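Hello,

I am passing a structure on to you, and I hope you enjoy looking through it. Please open it first; my notes on what turned up follow below.

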Amino acid sequence: MGESVDRELLSKFDFGDMQLRYYLETEKRRVVLAVIPVHMEHEIQEYKFSRGDSMVQYKVLGDAYPASYVGGVTMHNSGTTAEHVAYERQEVSREDAGKTEVRTYFRDGRGYGICHVVRWQQGDEYFECLVEFRNESDDDVTLEHLASFCINEITPFQKGDARNTMLLHRIRSKWSQEGRLISERIEDLQLEPSWCLWSPHAERFGQVGSQPVRKYFPFMAVEDTKAGVVWGVQLAHEASWQMELYRRDDALVMDGGLADREFGHWMKTIEPGGAFVTPTAIVSVFQGSVDLLCQRLATAAKRCVEAGPESEQELPILFNEYCTTWGLPSHENIKGILEAIKDKPIQYFVIDCGWFVEEGVDWSVSMGDYVPSERLFPKGIKYTADMIREYGMKPGIWFEIDNVGHRSHAFSDFEEHLLTRDGYTLTTETRRFWDMRDPWVQEHLAELVIARLKECGFGYMKMDYNETIGIGCDGAESLGEGLRQNMEASMAFIERVKREVPGIVLENCASGGHKLEPLMMRLCSMASFSDAHECEEIPLIAANLHRCILPSQSQIWAVIRKNYDAKRIGYIMASTFLGRMCLSGDVTELDEGQWRVIDDAMAFYRDVSPVIKNGVTYFYGEKLPSDRHPQGWQGIVRTSKEDRLTLVVIHTFAGPCPETIRIELPKGCGSHVEAVYSYRDQAVSLENGVLVIDHVKEWEGMGIYLKS
């Protein structure tokens, strides 16, 4: 594949429509990993200047840092990787269940072993990748960098440096504006190679702290726009992470994993006989759109979801009382809500924050003690949970497990069990953090959380997380490693909840969407998609997240106010067709006409839920310049081609908006209009595969169900 180094094809593996190609560089015995669509094997261009980068990237403390002006920019191609790592062997194992594992072993001559692991399950449209480091020497070794993945030779389908051809795709995120896709030209990122193909450059990005979806999702994709091929990666990790796009010659290189010492304050010391395993990367390549590539990666959670609680398999509707009581739930107001919704097809009822408040203290600064309020629940919260069951719904409850508020007793009474940094208790404006590595904390939380779930029979838990630890904490050889260990212990507690409360439905919430990464999504049934509960941009965010998580796991709130007219209610309810329907708001004060619009939406949702669960999403309409002030329209087509069922969700925003919307449907969609959801009679027709919606108005939402 290159002219500049002597290399040979070591092995290749076809995983579905993906092909992994391992090249052995014969002089220094480095191995280069390239990934391409299987059917494009014969379109590889032989004439590129590519040195090839080792598929294992790590840095040992004391070894040389990379040169050529990249100090502080990247640790890729450090002296460790360049001078010490050499290929040993490759082993392949296959199981009857269709699982394949490729283990590629390397040796660092100082007594360190490195194993690059790839795993693929037949039928999957992605593979998983991680790296194991083993210290087989007689001395401690400290790592400053260890990547989970390194994908080379992008793009092999264009000669030279593929000018004006390559795009980097990232997904940005902030509170209440999650999931915005950003696509940038390689030239705009100054990732063209230098005139002498010498000095490298890298675009390194990520997040530092305990909210992994903050600023960016742990995702990147690179697109060859001429060949129409997209390479993409998601990272399953709850602490600081990084990804980078690196270049020093004609080929681009993608790598990433744990945030390194420079980016995430991470160093790890491994004792003789010890080992360390990186977070898992989820990788795919695809000839098609970046939207479809993203959805291939998101399916990594599907097997776990399908093995989840039985009650989840039909995507039931839920009610959360937060936007009804605003942090002051009580037995009496919950009873009133239950009376208002008792005849509705709602299966879960969630008691949100505030059930534990002390007099004169707001819920947002008092979490951590979790003693039910005697004023709000005079007969105990179990009595209320029993009442919810009597109304035919599964009761749920809110906890913010890892944090304590500054007005809680735990904030000062148990300071020795809280995280510290530089010897000081780690404190933000309103919160401190349990040291989840502390066995006392694990047992204390088991009494507060797990025992409460069991005693009261809660079958649903909403887990919130409304602050970030930041660069890290004491208790390990580096702040970043302290953070990683703490979040690993936090995940272990969630796994304990699942073991001790079988069948519990877990909701992943972190100020809405700050933890929408693959590791948590595999542990949980669903996630709060955002905190933008009463905003115009709900359908934009909900649609964006189809690129990030499974819609069957994306809980979208419909907050209905007593002063909303049918048009506004229809707009809100149609948003929930983009994921899981969650109702909240002034349900005890709505009139018959308002309920009619809601009831129609719930009936429509139940009909289309199989498509929400198993479909593929296509995006229509122009990308809007503003999320907060949207203009124009958005069309989401989700189709289950095997069943030839299709859901179309349309939202119009401020003008200019077309009077007629035409959508040329992808192949395999339903062939006739089965049902239409709208607050008014809506003119919809299907003509030769083109869906036509006439007489469109601003600020409307609708759903269209197509069958064959």
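Please keep in mind that this is a predicted model. Strand β38 covers residues 684-687 and β39 covers residues 690-693; the two run antiparallel and are joined by 4 bridges. If you step along the pair, you will find Glu687 opposite Val690 of β39, while Val684 has Ile693 as its bridge partner.

Strand β39 also pairs with β36 (residues 661-664), again antiparallel and with 4 bridges. Here Arg662 is the bridge partner of Val692 in β39.

Next, the cavities. Searching the whole structure gives 8 cavities of 30 Å³ or more. The largest cavity holds about 110 Å³ of space. Its lining is made of 16 residues, and those nearest the centre are Asp402, Met463, Asp464, Ile494 and Lys515. Helix α10 (residues 479-500) contributes the most to this lining, namely 4 residues. Sorted by class, the lining of the largest cavity comprises 10 nonpolar, 2 polar and 4 charged residues.

The second largest cavity has about 80 Å³ of space. It is lined by 14 residues, with Ala298, Ala301, Pro518, Met521 and Cys548 closest to its centre. Two or more lining residues come from each of α3 (290-298) and α11 (518-523), and α11 has the largest share, with 3 residues. The lining of this second cavity divides into 10 nonpolar, 2 polar and 2 charged residues.

Methods. Residues are numbered from 1 along each chain as its sequence is written. This is a predicted model: local features need pLDDT of at least 70, side-chain atom pairs count only at pLDDT 80 or more; totals for chains, interfaces and linings use all residues. Side-chain values use heavy atoms; hydrogens and water are left out. Two strands pair if DSSP finds at least two bridges between them. On a 1 Å grid over the protein atoms alone, a cavity is a set of points where a 1.4 Å probe fits but cannot get out, and a pocket is an open set with protein on both sides within 12 Å along at least five of seven lines; lining residues have an atom within 4 Å of a point. Grid points are joined across faces, edges and corners, and a volume is the space filled by probe spheres set on the points. Ala, Val, Leu, Ile, Met, Phe, Trp, Tyr, Cys and Pro count as nonpolar, Asp, Glu, Lys and Arg as charged, and the others, Gly among them, as polar.
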